[in-house]
Amino acid sequence: MKKLILTTALTCCMGAAAQADVVVMSWGGSYGKAQTEAYVKPFAEKFGIKTTMIDADNPATPIKAQVEAGNVSVDIASLEYADAVRMCDEGLLEPIDASKLAPAPDGTPATEDFLPGALTDCGVSTDIWANVYAYDSTKFPGEKPTTIADFFDTKKFPGKRGVNKRPKAVLEIALMADGVPAADVYKVLATPEGLDRAFKKLDTIKKDIVWWEAGAQAPQLLADGEVVMTTAYNGRIFNAVADEHKPFVIVWDGQVYENEMFAIPKGAPHAEDAMKFLTYSTSTEGLRRSAQWISYGPARKSALKEDLLFHDGKTEMLPNLPTYPGNMKNALETSMEFWVDHQTELSERFNAWLAAN
Amino acid sequence: MTETASLTTSDGKPLKAALAASLATRRKKALLLVAPLLLFVLVTFIVPIGQMLFQSVHNDGFSSTAPTLQAWFKDHPEGSDIDESAYAALAADLKQMKADRTAGVAGTRINYDISGTQSLFTSTARKADTMKPPYKDAILATSDKWGDPNVWRAMRDASSPYTIDFFLNAVDMTRASDGHIVAVPSDQAVYKKLFWRTIVMSAEITVLCLLLGFPIAFLLANIPMRHAMLLMILVLLPFWTSLLVRTTSWMVLLQQQGVINDLLVWLGIIDNGHRLEMMYNETGTIIAMTHILLPFTILPLYSVMKTIPPSYVRAARSLGATSWTAFRRVYLPQTLPGLGAGGLLVFILAMGYYITPALVGGADGQMISNMIAFHMQKSLNWSLAAALSTILLVIVMIFFWIYDRIVGIDKMKLG
Amino acid sequence: MSTIQTGEPFVVFDHVQKSYDGENLVVKDLNLSIGKGEFLTMLGPSGSGKTTCLMMLAGFETATRGQILLNGVNINEMPPHKRGIGMVFQNYALFPHMTVAENLSFPLEVRGMDKAEREEKVTRALDMVQMGKFAARRPGQMSGGQCQRIALARALVFDPELVLMDEPLGALDKQLREHMQYEIKALHDRLGITVVYVTHDQGEALTMSDRVAVFNDGRIQQLAPPDELYERPKNSFVAQFIGENNKLPGTVEALDGDHCTVRLQTGELITATPVNIRHVGQETLVSIRPERVEHKSEMIPAGAYMIDAEVIEVIYMGDIFRTRMRVAGTEDFVMKSRNTMGQTRLAAGQKLKIGWHPADARALDPIE
């Protein structure tokens with residue numbers, strides 16, 4: 001029955017990518033562009049395998065639909081960490097043998113070269129990105145916001161706030177702004193009192209929040225002057241500054257970072273080529289190339305050994321990556337276990353909180 | 001028997017039979033003519049709606065992955081002691097889940113009921129291969145949550161693929177650990193409020209559309225043809241623009257640094273520090289949706305008004321009615337079919353709208369369709385999305401029925 | 001132009017002009033007095049201004065210049081609902097969402113009449129048009145004739161002194177129309193109301209009216225009782241518009257009081273009665289009614305003028321024969337002869353002499 005539903009829903013939209021040999025599905029925008037430049041184009045050139053990039057709002061959704069319908073057209077998907085783990089548990093992804101991944105240039109095996117947590121049963125990390133907040137420096141001629149608490153301080157820094165419309169990485173910063181150390185955030189959040197505390201903190205700025213959903217909206221809201229500061233994916237803000245010379249400044253205090261994973265959907269039509277693509281992309285060189293297009297940190301130690309320049313040839317990348325030591329002073333890694341377990345409940349609570357006036 | 005029963009055709013067949021045969025051929029031909037459309041509607045409309053209804057009460061995420069437990073629950077009625085045999089069944093299923101990589105599927109289903117159980121399944125399944133009897137101790141050693149009667153209650157409920165739990169969920173109800181149906185805590189109740197808000201906002205939008213559309217339709221119906229054509233193009237213009245473009249233009253106009261606010265500040269009507277908040281709230285949704293849905297009231301109203309000759313109002317006036325009375329007693333009642341059709345159309349469309357509130361609605365301008373989209377696209381809880389959709393469909397049908405009772409569906413005139 | 005026939009002038013158009021676009025006058029200097037209790041018909045082709053006059057009287061249009069008086073009061077600025085004029089429309093204009101009784105009750109309701117009185121009046125009005133059984137029907141469930149009766153009853157139910165009718169019988173078939181004409185006339189006589197009736201059907205105008213105002217080009221061409229209109233048309237437009245008419249073009253050769261001599265285009269000299277002939281040498285159209293033309297010598301009146309004719313066709317119409325012939329160069333000269341016992345039926349191609357009395361030949365202005 002379920003298969004029938006999905007077939008009905010999907011058959012109409014699946015024609016587009018049918019021709020290519022390897023189909024990659026990612027998030028579009030400047031991130032999709034970075035992955036196209038860093039992985040897709042050089043891979044196609046080197047191996048002579050036709051490779052196509054297609055966009056989705058969140059690739060997890062169509063991948064789940066395709067696998068359940070038994071009509072998979074995507075070979076590689078870019079997934080958030082929790083989704084990669086959860087979908088792996090649900091048997092929607094092919095397991096990946098980490099020992100087959102490319103070793104570091106100095107010969108260190110991949111399993112040792114990747115940062116802790118960057119390899120899971122079905123996914124390989126391509127980069128580490130962060131939820132940060134950024135402000136428009138022209139709006140604060142005097143004192144500038146420097147801490148996560150400043151984001152919640154509308155007395156000191158009046159003006160609208162842009163916030164991602166989901167509980168993930170929002171409840172966390174609320175707690176950190178309320179004084180919870182990064183290490184204790186998930187412990188506190190797992191208790192009912194801690195959850196109430198997070199929502200209470202959000203209540204203090206609720207009327208000043210403009211909610212955004214697509215990653216590209218955050219820098220847009222800042223540029224339009226609709227908000228004076230906003231949470232954002234750090235790469236989107238970086239590109240707005242580096243490419244468009246916007247007067248935006250990222251505040252790294254209280255950043256919430258996580259791995260972005262490449263995974264192969266179960267039943268991918270070209271699983272072998274997909275594995276080739278994955279190995280090629282997640283090599284030290286591949287990850288470094290990606291970091292030249294967007295400020296997300298490569299997940300390999302070997303990729304961070306040398307300096308990195310933005311593709312404009314002059315901007316230093318390392319200080320702009322979430323993994324740069326200077327940016328990690330008060331940083332929190334998203335807890336995959338916490339969100340896999342509490343996603344449903346917290347989404348509902350969050351939606352209820354949003355709907356309440 | 002009557003005489004007609006014995007009537008025959010010239011070649012001796014009974015007349016009734018001959019008539020029926022000729023009618024049957026005609027009916028077959030008619031059926032053949034509509035067959036392509038019927039098939040199309042069936043495949044693209046009826047079947048998906050049927051599937052949606054089915055999915056709202058059917059979720060085999062647990063029942064298909066835990067057959068041993070399913071059998072155990074069948075043999076042991078509710079209230080039975082959760083003994084070693086139950087844990088042995090659980091262990092057998094967990095082992096199979098590990099082999100099939102389906103622990104997450106089972107966990108997801110139970111997690112809909114009891115939050116925090118997704119990883120209970122995945123983490124225990126990982127260790128399932130090494131478990132040895134007595135299974136009760138082995139399993140409880142991995143996590144004491146397995147001793148929670150509520151988890152067992154949830155597994156028993158989920159062992160049947162058919163459930164009304166998603167409908168309970170969709171009306172802010174849940175099951176307590178004893179299986180009784182209770183309301184969810186008020187800080188998690190969201191759907192009833194959203195359904196109500198959806199109805200209220202749709203009604204507000206409908207009323208606004210009718211109020212704004214009525215004079216335009218009247219003008220259209222009563223000015224010379226060449227002016228009417230021009231005005232009609234202006235009315236239809238929004239139809240020819242993509243919904244997204246229209247919504248985005250409203251964002252440009254309405255936002256705090258937008259055109260309207262700039263103009264008001266420039267005119268000195270409002271202070272720069274107190275710009276109006278017309279977007280990312282209910283106001284924004286109502287303004288943008290009213291604009292987008294306005295043609296749906298204007299067109300039916302226009303087509304009805306076009307057929308009302310001016311002599312009716314003249315007659316009323318000559319009979320001694322003031323222009324207001326003539327309008328109220330004579331003109332307005334005759335536009336009812338158009339008002340009804342336009343109103344119903346806008347109301348139903350508004351009930352299901354989702355792009356516009358998603359873009360300009362902010363937090364308090366969200367409608368139930370946004371929640372359905374959320375469960376379809378983000379939380380991936382399709383059964384809940386299906387249950388919410390089913391309720392929305394039923395609400396729309398109830399309003400349709402009320403409309404039919406009050407105005408009469410046969411009186412509707414769409415254009 | 002204004003001859004008051006009965007009683008006091010009830011409705012007066014005083015130098016009324018109307019223009020819609022500010023350039024062309026639809027009604028040009030209209031002067032008309034209508035007496036109390038009179039049945040006056042405005043007759044004319046479409047676009048002649050008759051309906052505009054009615055609409056100005058009803059209050060749906062305002063006069064560009066001049067004034068309209070009702071009972072001696074200037075009503076130019078008075079809104080329609082205060083005029084108390086009953087009106088019957090061409091398409092009946094019965095309110096489709098109300099029953100017959102509600103339709104009739106409407107004018108009484110807006111006058112604030114109480115329920116008992118309303119019901120009594122509605123019943124009386126329905127009985128008056130023999131529609132008492134139809135009170136609960138809706139207009140959509142009735143035939144055109146029934147609707148027209150209801151429309152009539154509705155226009156009369158609040159006892160107006162003046163009732164306007166805008167081509168009320170236009171949508172009915174011929175038989176029903178004739179029947180309704182008598183009924184309307186009878187009602188008018190019985191109730192003593194003043195009726196202003198607009199139509200383009202000359203038969204209707206002649207049957208019902210006390211006086212007929214023939215409209216053309218925004219002006220009244222002639223205002224007269226039906227018989228006078230038919231028998232003594234004042235100009236060729238009226239002559240042609242009212243009834244059938246033979247026209248022989250020619251030039252006036254001699255003018256002598258109530259006689260004139262006209263030379264037809266084919267050279268014949270005939271005697272005619274001058275109507276609007278001012279001088280010798282003027283172009284003219286001599287008008288002769290077909291039923292006044294005779295071909296049997298014993299029927300031709302003394303002093304009649306005889307002329308050659310050739311039969312082109314004969315149409316049998318039951319009560320009459322309609323004979324078309326060639327006379328003095330025209331091919332559509334018509335003679336109507338009653339289908340009496342001794343009547344001879346002519347045959348196409350037959351040549352004969354026909355004649356008419358000079359009093360029946362009226363020399364009119366030629367139409368441009």
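Biologist: How many residues of chain A are in contact with chain B, and what makes two residues count as in contact?

Modeller: In this predicted model, 32 residues of chain A are in contact with 41 residues of chain B. The test is that the C-beta atoms of two residues, placed from the backbone, lie within 7 Å.

Biologist: Which elements give two or more residues to that side of chain A, and which gives the most?

Modeller: They are α1, α3 (60–69), α4 (81–89), β6 (209–212) and α14 (336–355) of chain A. α14(A) gives the most, with 14 residues. By class, the side has 9 nonpolar, 11 polar and 12 charged residues. Ala, Val, Leu, Ile, Met, Phe, Trp, Tyr, Cys and Pro count as nonpolar, Asp, Glu, Lys and Arg as charged, and the others, including Gly, as polar.

Biologist: What confidence does α1(A) have?

Modeller: On pLDDT, the predictor's confidence in each residue from 0 to 100, helix α1 (residues 2–10) has the lowest mean among the elements of chain A, 43. Helix α7 (residues 171–177) has the highest, 96. Over residues 1–18 of chain A pLDDT stays under 50, and the model has 29 contacts beyond four places in sequence for them. Where pLDDT is low, the predicted coordinates should not be read in detail. For chain A the mean is 88, and 94% of residues reach 70 or more.

Biologist: Which cut-offs and numbering apply here?

Modeller: Local features need pLDDT of at least 70 and side-chain atom pairs 80 or more, while totals for chains, interfaces and linings use all residues. Residues are numbered from 1 along each chain as its sequence is written, with chains lettered from A and ligands numbered from 1 in the order in which they are written.

Biologist: Where does α2(A) bend?

Modeller: At T36(A), by about 40 degrees. The bend is the angle between axes fitted to the seven residues ending there and the seven starting there. Just after α2(A), G48(A) takes a positive phi of about 65 degrees.

Technical notes
Helices (H or I, at least four residues) and strands (E, at least two) are DSSP runs, numbered from the N terminus.
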